[in-house]
Each structure stands twice: as C-alpha cells, then as structure tokens.
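The sequence and structure are shown first, and the description follows.

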Amino acid sequence: MNLWLLLTVNSITLGGLLFLLSAGFSLIFGLMRIPNLTHGSFFMLGAYFGASLGMWFGVEFWLAAIIAAVLVAALGGVMERFVLRRLAGQEQAQVLVTLGISFMIADLCLMEWSGDPITVEAPPALEGATHVGALIFPTYRLAIILLALAIAVALWALIDGTTLGAKIRAGVDDPQMARICGIRVSRLFTIVFCLGAGLAGFAGMIGSPILSIYPGLDTDMLPLALVVVILGGTGSLIGSLLGSFVVGFLYNFGQALLPELAYFVLFLPMVIILVWRPQGLFGRRAP
Amino acid sequence: MKRIAIGIAILLLAAVPLWVGGSFYVNIVSQVLIAAIFALGLDILVGYGGLISLGHAGLFGVAAYTVAVMLGAGFGHVAAIVAAIALTLAATAVFGVLALRTTGIGFIMITLALGQLLWGLAYRWIDLTHGDNGLSGNSRPAPFGISLDPTNHFYYATLIVFLLVIAAVALLTGSPFGASLRGTRDQPRRMAALGFDVWKIRFLACLFSGFCSGIAGILFFYYNEFISPHALALSASAEVLLMVIAGGSATLLGPIAGATLVVVMKSVMSAYIERWNFTLGAIFVLIVLFMPEGLVPGSRRLSRWLWATLKALRGGTATPAESQR
Amino acid sequence: MITKFGRRAFLAGVAASTLPLPAIAQAAPVRIGLLTIKTGSLAEGGIQMEQGITTFIKEKNNKLAGRQVDLVVADTGGSPAGAKTKAQELIERDHVDVILGPLAAFELLAISDYVAQQKTPMLSLAAAEDMTQRKPNPYFIRASATSAQAMQPLADYAAKELKYKTAVLIAEDFAFGYEQMGGFQRVFEDAGGKVLKKIWVPLGTADNTPFIAQIGQCDVVCQGYSGSAPVKFMKQYTDLGMKTPVIGGETAGDDALLKSFGDEAIGMINSCPYTMDLANNANKRFVAEFTKDYGNIPGFYAAGLYVNGQVVEAGLQKTGGNTDNKEAFIAALRGVSLTDTPRGPIRFDDHGNVIGNIYIRKIEKQNGKLVNHTVKTYENVSQFWTYDEKWFLAQPVYSRDYPPLKS
C-alpha cells in the first residue's frame, strides 16, 4: 500500500524535475529545430554553479539557483550568437557542435570541481518530511511538484498570453512567414535559447539536493530529456509536461515492479510509442 | 591524377609497418581502419540518405558478441563470422522496419532507443554475455594458413577488408542506386512521384550501413579479443556519428578523416595532452566554425580558394599591400 | 588542481653517478606504467590513484632500489578498448617494467590475457574475483582486495557483533556489485543471518527511490555502490525517512567520499582494506605527505597505489634492481611481505592476492567533519575468508544469482 503511494508521489516529483529539464529542450527544438545535445551539460553546469555559489559565497539556495540559471542562460546566449546562429538548417553541424561543447563542459567541470561528488542541502524551510496520509515524504520533493507546476503555468502564460509568446508561436509554426510579418526571428532565437538553457541550469540546481552533483550527471540526464521530449512531442509545452509525467511514472513503477527489466523500462515503451505514433504522444504530425 | 593519388595512398598504407615506427602505431592504424569501416557504412545512411542514426553501436555490438559467443561455444571462425553477419543484418532489418516509419528527429530517437535496448541486453543477458565482465576470445582466424596473431598480419587483413569496403562504398555511391538514395534525401516527395520506392531505397541503405557496422564489429572483436557492453553505449554511437560529420558526410574520404582524428586524439594524443577530451570537443567546435561541411570538403574548399588567390597574385594583380611597398 | 608530472619528468633526473650501482644495465631508470582514468565519470578514483603513486615516488626521492624511476601515466578514458590501447602503448612503445592499474574490473579483464602474453607484471586495484581465483593470471598481483574480501568480515561483524538477523542487499547491477553482495551473503548466512532480498540497480540510475522503495522490513541494509553513487544513495535513502541502519564495503564508505557525504552518512559501518586512522609509521607519513601535497585526504584508491609502489620497491630490492628477467621479477614481487604499509602488514597467497587486515569503521562526526573511526580490525584476512581454499574454488564465482536466496 505504502509502496504504491510512495511510487506515485515520486513519479510526480520526478516528472516535475524532468519537466524543468525538458521544457527548454522542447522549446528550442520546436522553434529552432536544433537538437541541443548540450542540454544535459547545461543541467550539470547549473548544479555546479549553484552549489559553488552556496559553498564559496554562502549564497542562499533559491538565489543561487536563480543566479546559476542566469549564468547558464548567458552561456547559452553566447553559444547561440556565435556558433549556432551560423548553422541554421544544418542538422549535422548542430549535432557535432552541441556534442563538442558538451565534451568541453564535462572536462572543464572535472578540472574545476575534480571528480568528487557534491551534495547540496535542501533549503532549510523545506527540510524534513511531510506526512501524506500514511506516508512520509520529503517536503522538498513535494515542493518540486509545486515549483514545476508554477513554472509550467508561467511558461504557458508567456507563450499564450504575451506578444513575445505570440511571436514564438508564429516562429514555431512558420519561421519564414513570421519573418515576413516583421518579427525579428533572430532575436527570438537568442531569447528562446537563453530561456531554454537557463531553465536547464535552474533544473540542475533544483535537482541537486536529490541527485547530488558528479561527473556524468550530464550523460545520465540527457537521455531522460530526450525521452520526455520525444514521447511528449517536440515544440509543445503541454506535450513535455505530460511526457515528463509519463516518463516519471514509467521510470518509478517500471523499475519497482519489473526490476528484472530495469534496463528496458524506458526505452522499450519509447520504441513502441514511436513506432505507433512517430510524432510522439502529444505531438502534431509533421506537415 | 586521381589514379596516381589512389595508388600512392594504397602504397603508403601497405607500407605502414615500415614507416610508422613500432607495433604500437601499427595497431593504432588498424584501429583507425576499423573505425573508418564503421564510419563509412554509417555515412551511407547519414550522408547519402540524410538519416542520422544514434544506434549503430548496437549493431556493431551484435556482430562482436555473436563472434564471441559462437567461438566460446566451440564453433569455427567461418561459422562465427557468417553468423555474425547474418544476425547483424537481421538486427539491422528490424532497426530499419521500425525506424523508417519516420525520418528526421524521429529516426534519430528510434535508433537511439533501439541501440539502448541492445546495450541493456548486453548488460543484462548475463548467461550469454557475462554482463559487464565481457567476453574474451583467445584466437584470431588464420585464412590460408596465415595466422592473424602477429600485429602486422592482422593489420594487412584489416587493410584488405578496408579496401574492399571502400571500393564497395565508392561503387554504391556512384551507381544509380546511390543517385536515387541522394534523391530520397533531397527530394523525397519528388522521388516518390517519379515512381521510386523511397522506403525500399532507404531500407537498403540501412542494411548496407548495418553490414559495414557488422564487419567493423567483427574486426573490433578480433582486434581486442574482448567485447563488453561499453562498445554498445550511446557514447559509442555518438562517437562514430561524430567521425562521419567531422570528416565530412556524403564524401568518401570524410569518414576516414573523422575516424583518424578521433582515434588519434583518443589513443595517441591523450598521452601528451592531459585534457584530451576537452581538446577533442574544441576541435569539433572549430571544425564547425570554419568548415561546417566537415574536414574533407572544407579543406578542399580552402585549398581551392588558396589556389585561386595564389593564381590571381601570380597573374600580376598586385594587392594593396604590395603596391604600398 | 592535480600536480602534473609529465611523462618524461622523472627521466630528467640527475644521472646517479655517485651511487654504487649493481650493474651498468641498471643505470637505466625503472619504468613504471600507470593505467588510470582521468576523464569521464570514474575520474575521481583515477586521479586519487595518480596522486597516491606520485606521493610514494616523491617520498623515495624518485629512486627505487637504487634506480631512477620513470613514471608513465596513461589515461584509459574508462573503457575496455581504451585500456587495451593504453596497455599496448605502455608495453610496446614505452617498454615499462611493471604496470600499476587499471582501475575498473572490466578494464582489467580486457587486458589480462594480453599482459600475461607480454609477461609484464601488473598490480591492479580492480577487484574481479576470478583474476586471483578461477582464472588466475600468473603476472597479476593484487595488494588491495577482491570484491568480497572486505565484505566477508563485514558480514561476520554484522551477524556476530551487531547481532543483525535479517539483511537486504542493494548494489549496482554489475559484477563488482554481485561479487561484493555474494561474499556478504555467504558469510552472513553461515553466521546464522538471513538475506531477504537482493536489489540490483542499473548503472547510471539518477533516482534510486524506486529501488529503495522495495527494501521493506529488515535489521540492516547492506549497500554496494561505488564511485560517486554512495553519496547519492545515502541522500535519497534518508530523504525517504528510512531508519534501518546501513552498512557497506570499501567503495561505500571510502574516506575520499567523506567530504561529500552529508550527515546522513553518520553511523554507517563500513569495511575497508585501508583506514586513514591506522596509527603506524607508513600511514602517518603517507597521510601527512598526501594532505600537504593535495590539500585533500587520501582514500582507498590513493592508499592502494602507495602500497603498490611499496610492493614494487620491495620486489626490486629482492632482485637487486633487476627487471630484465621477468619470471624472476614477478616471483620476487609475489614473494614480497611487508610489515609497514599504510594498510598494515601484507603478504600474498599463491594466487597473487593479498592477505592483510580488513578494518571495520564507523562514520562519525568530529569537529564538524565526518571521519571513519576504526572499531575493529580483522587481521590477515584472505580472499577465501575462513573457508577451505579448495572448497571455495569449487563453488561458482559470486554472481547475480549466486548464492541463491534461501526461501
């Protein structure tokens, strides 16, 4: 009984974290058609930045998370302006450069923070456990659910309710037409790339009290982000939100109930779903 | 001109054990050739077919594991190699049937997931694969009574296979099939309207790339006399893809240049450059910045440009810098 | 940052003209190859390995048994194929006399046959049991421990001193995990305990919660995580409000991880072939030098390489510094018996595996820092524990399904 409830709550928590990670990936891919394989590195870098702000300067958790997000967003901006900008439509060059940068980031992190894992304490207000019915559950993980929902709502409001959002939607649907209508698509690209990178960096810091920070965190997380985005369908916020929860549930229940198949619980359903619906569960069929 | 260049290249390769300086380097060249076979096959799909795969290390692994398991079960080399190729082709067919329901990012993701499943299988099917401990083999084949155990013999065997593969790739890409494959990459709808079976063309390309992955996997197993799940990991699939793209996709020499770059960085330069991983990443970024089409086409473009500039200079059009002197 | 010794740095010593040398041939430096991992997710242990051997060579003023030392460091990148290439580099290009490393079992297994063919002595920390049991390599020596060597005494301690009756085992889903847990299970059950469940977690698992949720009721949880994963596991374990005590082996409670653990690790009992609080001369010297040079405390990997250095030195002294006769050199190495090493006295069994102390430690907080405090020492522990060697070797190697659970 407890097991079921625990797994359910944890599925939602993990889903929330995955949403923070993958929303940016989805937006970037949806608007710019760039498969950003640096996304896992952004996540790891955000975690390292945030943790270091805390360790070296005593910056408080949430502030550290925000500064880390800004730093990673700035890095993303530089990457977009000086590298990806030149590569519009060149899928192969994009794969090469995003993977190349992820190699560099991984090795730089190893140089700066050595290989020792770093643990980050949850903010004091959220330490300890909360009783959910008969279940004891860490308060911080429950807070992640709320945070993810809040950010989902904020993003949705941004995309659906502001002019910037309207421009982004126009850019996703038909970049050429958007350009003709006088939308500065290039600036839009930079904004979206910064936003996506910043979200990943933020997610890294938010995830660090659960996952801890270690070399290899990037490659552990990147496939999860890919699975979410592919299942949910690219370019759709609702898709990545639902995809995150689907992955959260698959991951938790699959590994707990079918431990013998632990290696396959993510990728087997992914193959089945993609073969059945190549555009993902919630994606639109490509024109 | 071109024939002379090819002749010189083959001579240089044939003489590798004489000039490369020691068995360690001969082995490195063998590794480059194996990686190049793998990359050349993948390029048929990625470069000529426009379908990016992130799962080919899985196919590579199927071949290597089949040889290891067959030899372990007491079969001979011929049986093991034939079985490895057959199984790899079968696995590739499954890849193709499932992944070719879509193109673009969908294709990347299905191949990625299938590759991860094979990787998981290698880890988890312990009775067969011994999990992460891997499988060792302790014999290389001896075609025509010549043992491949000595470093140089193995190198020559690999070189012969490599030359056969590159010849096959050259024939394939130059054939009408190659032209129609490029057609499906650039204008799939028009090709379909012209009556070509786009799916079938792509499927055949997929099979050929899987075949090359299988050949490379077999050579890899005989070279290392060891196989473990690491060779099937996502990072291995990404690595061979990077070779193709960095060298220049849809060219014959590109994948070879890419394979050379990656193997030399990993295996030779890593002894001198402590942060070789960072350096390799930086080289990829530089390639993209200055030669986004890849090393081989990029250097061709640069040399043409250089040639033209030189010619213009010799033609007497003085540059501003010269006229000031 | 890591103190970087270039590949040739040790070559450039002053010619040892003032020293009496056994023979002209020995004027050449002794070449030690280190196979380690300096990039990727296993780099933490690999960097410690390099620091450990560097500390030793520096302490010896770059000279072993009268010969200069030339240390060649090779980074395998953590893959079996990389390990093979780097082993070839060390042996065929750099002509090393002895190899230290590699770190991971899968690397060791990938190069074992090759290194034996080349007759190069190899001293590795990699714990794969069969390397010194059912598939021995005559050129292999292990001065650290097999996977189960420290787990067997831990199980004894858990059953007899801590009086635990039931245990759940959780470890990563690969050979090192199986072998650790197998050794624990056999001894724990022979001492009257019962293993209720064995849980295998795939490598690279980000969130262990679904696995921790399967643990259920028991007296003790024994974890066999390695690398950086123990830190993550302990955090997620306590986050879920789990109160059952946790114990583990040398990778679970490695001293090098102490600065990364939070308070959740306090009280964890762990067993290790090395302990930082061992108060003998060699260890005091080692810890002082290491802390001074790297501003960091040494763990199991660093100490392991220091001990390997001592073994090489002792072997060289036995052959008068001669490494040309490889059979004689390996025989000398395997015959080494030392009393003053950072891990206490050691000698080797017929299979080249160490017989030495295993320390049971408890993580405590002292002056705001976590430390491992030794609570019991099992002396001269063999890889076969107290079992008869013939009987032990007749059993299958510890694996995912062996020993089976008793229902």
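## Strand β1 of chain C

In β3(C), C:Val73 is the bridge partner of C:Leu34. This pair belongs to the parallel pairing of β1(C) with strand β3 (residues 67–75) of chain C, which extends over seven bridges; two strands count as paired if DSSP finds at least two bridges between them. Strand β1(C) also pairs in the parallel sense with strand β4 (residues 98–100) of chain C, over three bridges, and here C:Gly33 stands opposite C:Ile99. Helices (H or I, at least four residues) and strands (E, at least two) are DSSP runs numbered from the N terminus.

Seven of the seven residues of β1(C), residues 30–36, are buried, so the strand is largely enclosed by the rest of the structure. A residue is termed buried if 20 or more other C-beta atoms lie within 10 Å of its own, exposed if 12 or fewer do, and partly exposed in between, with C-beta atoms placed from the backbone. Both faces of β1(C) are covered: one carries C:Val30, C:Ile32, C:Leu34 and C:Thr36, and the other C:Arg31, C:Gly33 and C:Leu35.

## Basis of the model

The model is predicted; local features need pLDDT of at least 70 and side-chain atom pairs count only at pLDDT 80 or more, whereas totals for chains, interfaces and linings use all residues. Residues are numbered from 1 along each chain as its sequence is written, while chains are lettered from A and ligands numbered from 1 in the order in which they are written.

## Strand β7 of chain C

Strand β7 (residues 166–172) of chain C is mostly covered, with six of its seven residues buried. Seven bridges join β7(C) in parallel to strand β8 (residues 194–201) of chain C, and C:Ala167 stands opposite C:Val195 in β8(C). Together with helix α5 (residues 175–190) of chain C, these two strands make a right-handed β-α-β unit; a crossover is right-handed if, with the strands pointing away from the viewer, the path from the first strand over the helix to the second runs clockwise.

A further parallel pairing, over four bridges, links β7(C) to strand β9 (residues 220–223) of chain C. In this pairing C:Val168 is placed opposite C:Val221.

Chain B is divided into domain 1 (23–290) and domain 2 (301–325), with bounds that come from an automatic or database domain assignment. The C-alpha centres of the two domains of chain B lie 43 Å apart.

In the contact between chains B and A, 35 residues of chain B meet 33 residues of chain A; residues are in contact if their C-beta atoms, placed from the backbone, lie within 7 Å. On the side of chain B, the elements giving two or more residues are α6 (104–124), α12 (234–247) and α14 (276–290), and α6(B) supplies the largest share, twelve residues.

## Overall form of chain A

Chain A has eleven helices and two strands. Its radius of gyration, taken over C-alpha atoms, is 19 Å, close to the 19 Å that the globule rule (2.2 Å times the number of residues to the power 0.38) gives for 287 residues, so chain A is as compact as a globular protein of that length. Of the 287 residues of chain A, 59% count as buried.

Note on methods. Two residues are in contact if their C-beta atoms, placed from the backbone, lie within 7 Å.
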